[in-house]
Amino acid sequence: MPLTLASTLVQQAHASLNPASPQVRLVDRLGTAMFVTAAVVCLLVFAALLWAALRRRSGAEPVAGGRQERPMKTAVLLATGVTTVILFVFLIFDVSVGRSITTNPGNDALQIRVTGHQWWWEVQYRDSLPKNWATTANEIHVPVGRPVVFELRSTDVIHSFWPPNLSPKRDQIPGNENSLWFQADSAGVYRGQCAEFCGHQHAKMAFLVVAEPADQFEGWLARQRDTAQTPTDSRARRGKDVFMSASCVMCHAISGTSAGSRIGPDLTHLASRRTLAAGTLPNTRENLTGWIVDPQAIKPGVKMPPNQLSGPELLALVAYLETLK
Amino acid sequence: MLILAVVGCKREERDFHGLPSGSAITNPKVREVDLVPGGAAPADSVPGPYEENAYAVSQGKTLYNGYNCSGCHFQGGGGIGPPLMDADWIYGSQPQNIYETIAEGRPNGMPSFGRKIVPDQIWQITAYVRSMSGLLRKDVAPGRTDDMQVRPQEQSTQKAKPVQSGIPKSAELP
Amino acid sequence: MTAIPADPARPTDDESVRRQLDETWRQTPGLWGWLTSVDHKSIGKRYIVTAMVFFVLGGLEAGVMRAQLARPENSVLGPDAYNQFFTMHGMTMMFLFAVPVMTAVGLYLVPLMIGARNVAFPRLNAYGYWVYLAGGLFLYISFFLNTGPDTGWFSYVPLAGPEFSPGKRVDVYAQSITFTEIAALVAAVELIVTIFKNRAPGMTLNRMPLFVWAMLVQAFMVLFAMPWVATVTQLLAMDRLVATHFFNPAEGGDALLWQHLFWFFGHPEVYIILTPGLGFVSMIVATFTRRPVYGYPAMVLSLLSVGFLSFGLWVHHMFATGLPQLGQSFFTAASMMITIPSGIQIFCWIATIWAGRPRFGVPFLFVLGFVVIFVIGGVTGVMVASVAFDQQVHDSYFVVAHFHYVLIGGAVFPLLGAFYYWFPKITGRMLSERLGRWNFWLLFVGVNLTFFPMHQLGLEGMPRRVYTYLAGTGWGPLNLLATIGAVLVVVGVLLFVINVAVSLRRGALAGDDPWGADTLEWATSSPPPPYNFAHIPVVEGRAPLWEQPGELPAVSGLRTDVRDVLVTTLLDARPDSLHRHPPPTIWPLLTAIATTILFVTLIFTPWGAVIGTPLLLLTLLGWGWPHGRDHQEQRMVEQTG
Amino acid sequence: MRSTRIVADVARLPRTVFGHRSLMWWGTIGFIVIEGSTLFICVASYFYLRRNFSTWPPEHVFRPGLLIPTIQAGLMLLSNIPMVSADRASRRMDIRGVRIGFLVCSALAVIMTVLRWFEFQSLNVRWDSNAYGSVAWATLTAHGTLLLLETAETMAFTVLLFKGPLEERDLAGASDNALYWYFMTGVWIPLYVVVFLSPSIM
């Protein structure tokens with residue numbers, strides 16, 4: 001089965017080399033400045049080494065001490081001095097970038113709680129009214145041009161939240177709440193991945209950040225707050241019964257139904273998401289079916305067990321899940 | 001050292017695919033009528049597949065908590081449902097007995113989970129339930145979780161000789 | 001005609017001195033002799049060979065990992081196996097190869113370089129090796145039984161804690177670290193006391209060879225750093241085995257406590273590996289440029305300040321954990337500051353090469369390669385010292401590239417250079433220069449090809465410790481390039497092994513001093529006799545062999561019929577007292593076995609303590625209880641009362 | 001091998017030396033540094049974990065009992081009197097003095113080992129109750145290993161002093177054993193203050 005993710009889905013390369021937020025732009029500038037300096041330093045040292053080793057020599061056997069060592073002393077002192085100055089400049093640059101990144105995001109910032117789980121991301125848009133909360137997974141929508149504060153948590157092991165184009169990373173440590181904020185400059189779909197080793201499927205614990213214009217974002221958020229539609233089509237209705245009576249219901253929640261378990265991702269708007277299995281598969285019918293039948297073939301070690309549903313049950317279930325827009 | 005390590009082989013397997021399909025116990029004889037006290041399977045019944053696999057037992061522990069078994073049985077101390085960490089077994093302490101209890105349910109409140117939990121996971125929970133009263137090897141039984149300490153860890157639980165007690169008076173139907 | 005000496009214990013003519021010394025100091029023949037040996041050369045050699053075997057194993061693990069990562073969604077290793085492989089690779093390279101091999105070379109060379117007959121505590125030395133061997137075997141036997149640690153050499157809790165790592169894999173991690181830390185600590189004490197108290201008369205502290213300085217600094221770093229990891233892994237083991245709550249946030253424990261304690265060891269660890277490498281480089285540079293290294297005081301002070309500063313950097317491994325900004329900047333400053341002493345050493349070597357008349361032998365090639373690779377690793381080190389930049393590339397392949405440049409550049413290249421340099425001393429035969437050149441160039445190209453692309457991969461967002469990656473990420477081509485580089489490295493290492501195997505039998509005979517070097521180890525024969533020096537030399541300068549081209553001054557008066565060694569004063573190395581070394585003994589091995597029984601059974605049952613502790617105490621008693629008293633010289637204390 | 005010319009003779013140097021002139025003394029210092037670090041790490045962890053609690057000891061945990069630990073601390077201090085006298089006697093080559101000192105110290109060491117058992121109970125908390133209990137137990141255990149080792153060593157030495165074929169340098173060994181004793185008992189005082197007194201006074 002070809003597991004082609006997503007380059008079609010992700011418009012921007014997954015890289016800190018393409019900054020999409022002021023935060024990463026600053027870091028990128030710092031990194032570039034340091035890289036250029038480092039390259040020059042390396043070349044100078046290599047040139048000095050080659051010259052020292054290969055230069056033409058004449059005269060008597062070298063001896064320690066005496067006049068010969070005077071230029072050496074000057075050179076070593078000079079090189080040390082230059083090194084110190086470079087380091088000092090780096091330090092100041094670093095501290096100033098650090099300050100700018102950690103400034104206060106302001107009051108109109110959007111708050112999102114991201115909880116790391118083995119091996120997926122729970123995303124919660126909170127509100128003063130609990131009924132306005134929206135819970136989704138593995139796909140974070142943010143408005144362009146507005147600061148977004150992320151409240152980072154974990155309920156099991158340490159994960160690290162890292163969308164390279166948008167923000168430096170921050171660890172999610174159980175018992176130790178963290179936060180960061182960024183502001184997306186331009187609309188786009190950006191990939192992020194867990195950056196702290198977290199067990200078997202650390203490699204397939206990715207997420208997407210979808211930056212979109214504010215009105216589009218608000219529309220999306222409003223839809224996410226809705227409860228799931230009751231299916232009208234009979235096969236989907238039967239699929240809902242399969243969901244509620246089979247093992248699905250033990251772990252997944254669909255709002256507006258009796259399924260309320262929070263062990264796995266919330267599926268209320270599953271069909272609206274671009275990927276399955278934490279950024280591993282494009283969300284297509286074939287992939288969804290394959291995933292339900294044998295998740296272990298795609299993400300070995302993942303918590304979801306292989307399911308032994310009959311053919312019709314499976315088709316009905318997929319039909320139901322596809323209604324969860 | 002070698003011997004100890006060899007013993008450990010099975011303990012460390014991480015078998016993500018679980019059992020081959022169809023290996024669930026589908027005992028046609030298990031019916032409501034058989035589930036009276038004393039109807040426990042004999043000692044030579046099917047051994048649990050995960051009795052020696054630490055990873056599976058620990059998965060079982062996670063599921064036990066995740067599926068809210070503790071909602072009735074608490075952390076083994078018993079509450080709405082009977083305690084699981086003592087020597088007292090109403091329906092038998094063999095893996096097969098426990099599997100059947102989970103899969104088929106028992107009178108007086110224990111629902112049937114046979115359809116909602118896949119067989120592989122039932123076996124994992126079975127193995128964990130047995131570890132709660134020290135019936136598994138200590139190097140297989142789980143350690144503490146990163147939660148409040150409510151009971152000694154399963155690894156340190158002394159093995160209690162299982163007693164087939166039958167339904168306690170208090171739990172009998174009125 | 002030889003005159004009968006007045007004192008049979010102190011013959012005067014060279015011939016009988018050597019014969020009698022040989023009789024006194026040599027290892028008992030046969031397997032028993034091998035098991036009971038307390039000779040630093042014999043133990044040093046087996047230490048080096050064992051560490052190199054682990055190096056090859058660790059390298060093979062890396063090779064399999066590179067095969068898995070060569071293309072996206074590859075299926076050479078599944079996640080469970082991959083996690084064990086990368087953990088084993090890290091643990092092997094850190095705990096079973098890098099630190100032990102450096103220590104081992106130190107244990108072999110330091111006594112020869114300072115004109116001593118053996119290390120200060122020969123039995124402890126044997127014990128250290130056996131414990132190290134037991135730890136390595138324990139780890140690898142577990143690995144082959146699918147019980148290899150799988151949570152990384154750093155084993156962060158809670159992932160490594162009881163809830164998320166069931167089974168015994170992480171217990172194996174914790175306990176095998178305890179083994180290797182005991183070995184490292186024992187060797188550190190050994191080296192410090194040897195260097196302090198067993199230097200040849202006249203070798204004041206400021207005349208010590210730079211390698212000896214490097215080993216002294218390394219030993220002190222081990223002494224202050226290793227107890228941290230030994231303790232913190234015991235805390236982890238207790239959390240896992242007896243349900244303590246050090247790292248359980250729900251009961252007041254703290255996951256970050258692990259990281260602080262671990263990195264307080266973990267950062268100095270890098271410099272523990274590096275410092276002996278710097279020592280090798282200084283020795284090779286001096287010999288191959290035919291002049292002493294420029295700036296001896298600056299070099300020594302640099303070593304000392306590197307050792308000191310390395311304890312102030314640990315938080316730069318935790319920049320992404322959300323510690324307060326101000327505190328982090330302090331650690332940025334400290335991390336950058338350590339560049340200065342490292343830089344000074346590089347500059348001094350370049351100045352030395354400039355002033356000397358370099359010969360491009362293979363050891364010197366490795367030094368040149370070292371400078372190039374280490375400087376690249378150094379400048380990327382400065383980059384990741386910056387908090388803001390590090391938060392971006394932390395735990396990405398950029399960091400993988402950085403520290404492989406530092407460790408391969410700073411440790412492996414100097415080590416291989418040292419091999420080519422000291423192999424003749426250890427075996428009496430030269431390694432092939434022709435194979436050596438191939439060996440060097442393959443490694444140099446291979447290492448750069450493997451690790452340079454990883455900088456880019458990191459910047460493109462590839463995290464560390466992933467068993468695979470998706471095709472859509474676009475990381476495939478650079479990963480393939482890295483894997484091709486790894487193939488070259490494997491071939492290079494293979495050439496090295498072949499070179500050693502062939503040269504052992506057919507290499508050119510070396511003679512005492514094939515390179516025209518300046519330090520004392522080249523004054524004795526190759527390989528050195530069991531007693532190292534027939535007469536303990538007297539040192540009058542920093543380059544004794546260059547300063548005394550003819551006969552070496554020496555002292556007499558040590559007994560030849562027992563294992564007498566000379567103890568000198570700490571600063572000035574004035575002769576101070578005589579000390580008698582123990583003969584070969586089996587007790588260190590038995591004690592190591594008892595230690596192993598204690599540690600291994602403890603992971604399975606608390607009763608391990610009840611079985612193991614008495615055994616350990618018993619073997620210690622056997623070790624310490626005086627055997628075979630010599631009544632001639634040592635007056636029996638009067639039995640009063 | 002290079003030929004040599006003899007410039008000095010060292011045959012008359014002493015063979016039994018004390019203090020920093022002796023190799024063993026340095027070895028002992030090395031192990032003191034290692035074990036001191038271990039205990040320091042325990043104390044550092046103690047204070048690190050303490051930040052996670054609003055009260056110390058945590059709620060529903062009794063303060064540690066002070067009677068037995070205080071007796072133990074006093075005993076540790078007092079035990080230095082016989083050990084110092086043994087140490088001095090060894091430097092005078094006074095074997096009788098060394099024997100008496102070691103005999104007394106062996107007895108004290110046994111008593112202290114037994115008292116350690118009761119000290120664990122004086123903590124009034126189990127190691128698996130919470131992080132406070134864990135770190136207190138770990139500190140006591142870490143020091144307990146030193147105590148156990150030193151007890152064994154002192155007793156073995158005492159047996160050697162009475163039974164064995166003795167040499168002069170065994171007395172230097174006795175003096176090094178004394179050095180370790182000073183460390184083992186001395187380091188207990190700050191640990192006692194941290195583990196037993198600090199929950200009551202801070």
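Modeller: Ala278(A) is buried, as 24 other C-beta atoms lie within 10 Å (buried takes 20 or more other C-beta atoms within 10 Å of the residue's own, exposed 12 or fewer, partly exposed anything in between, with C-beta atoms placed from the backbone). The model is predicted, so local features need pLDDT of at least 70 and side-chain atom pairs count only at pLDDT 80 or more, while totals for chains, interfaces and linings use all residues. Residues are numbered from 1 along each chain as its sequence is written, and chains are lettered from A and ligands numbered from 1 in the order in which they are written. The phi of Ala278(A) is near 55 degrees, a positive value in a residue other than glycine. Ala278(A) sits in the loop between strand E11 (275-276) and strand E12 (281-282) of chain A (helices, H or I with at least four residues, and strands, E with at least two, are DSSP runs numbered from the N terminus).

His60(D) also has a positive phi, of about 65 degrees, although it is not a glycine. His60(D), however, counts as exposed, with 9 C-beta neighbours inside 10 Å. The loop between H1 and H2 of chain D holds His60(D). Pro57(D) is found in the loop between helix H1 (23-50) and helix H2 (67-78) of chain D, and the peptide bond from Trp56(D) to Pro57(D) is cis, with omega near 0 degrees. Chain D has a mean pLDDT of 92, with 100% of its residues at 70 or more (pLDDT is the predictor's confidence in each residue, from 0 to 100).

Back in chain A, the domain assignment gives domain 1 (9-56 + 68-225) and domain 2 (234-322), with bounds from an automatic or database assignment. Their centres, taken over C-alpha atoms, are 33 Å apart. Contact joins 21 residues of domain 1 of chain A to 16 residues of domain 2 of chain A (C-beta atoms, placed from the backbone, within 7 Å). On the domain 1 side, E2, E3, strand E10 (206-212) and helix H3 (214-225) of chain A each supply at least two residues. That side divides into nine nonpolar, seven polar and five charged residues (nonpolar: Ala, Val, Leu, Ile, Met, Phe, Trp, Tyr, Cys and Pro; charged: Asp, Glu, Lys and Arg; polar: the others, Gly among them).

E2 and E3 also belong to an open, mixed sheet of five strands in chain A, ordered E3-E2-E1-E5-E8. Strands pair if DSSP finds at least two bridges between them. Strand E3 (134-137) and strand E8 (178-182) of chain A are at the edges with a single partner strand each, so one side of each has no neighbour in the sheet. Strand E2 (residues 120-125) of chain A pairs with E3(A) in the antiparallel sense over four bridges; Glu122(A) has Ala137(A) as its bridge partner in E3(A).

Between chains, 73 residues of chain C are in contact with 72 residues of chain A. H11(C) gives the largest share of the chain C side, 12 residues. By class, that side has 42 nonpolar, 23 polar and eight charged residues. As for the overall scores, the model has ipTM 0.91 and pTM 0.93.

Key
Two residues are in contact if their C-beta atoms, placed from the backbone, lie within 7 Å.
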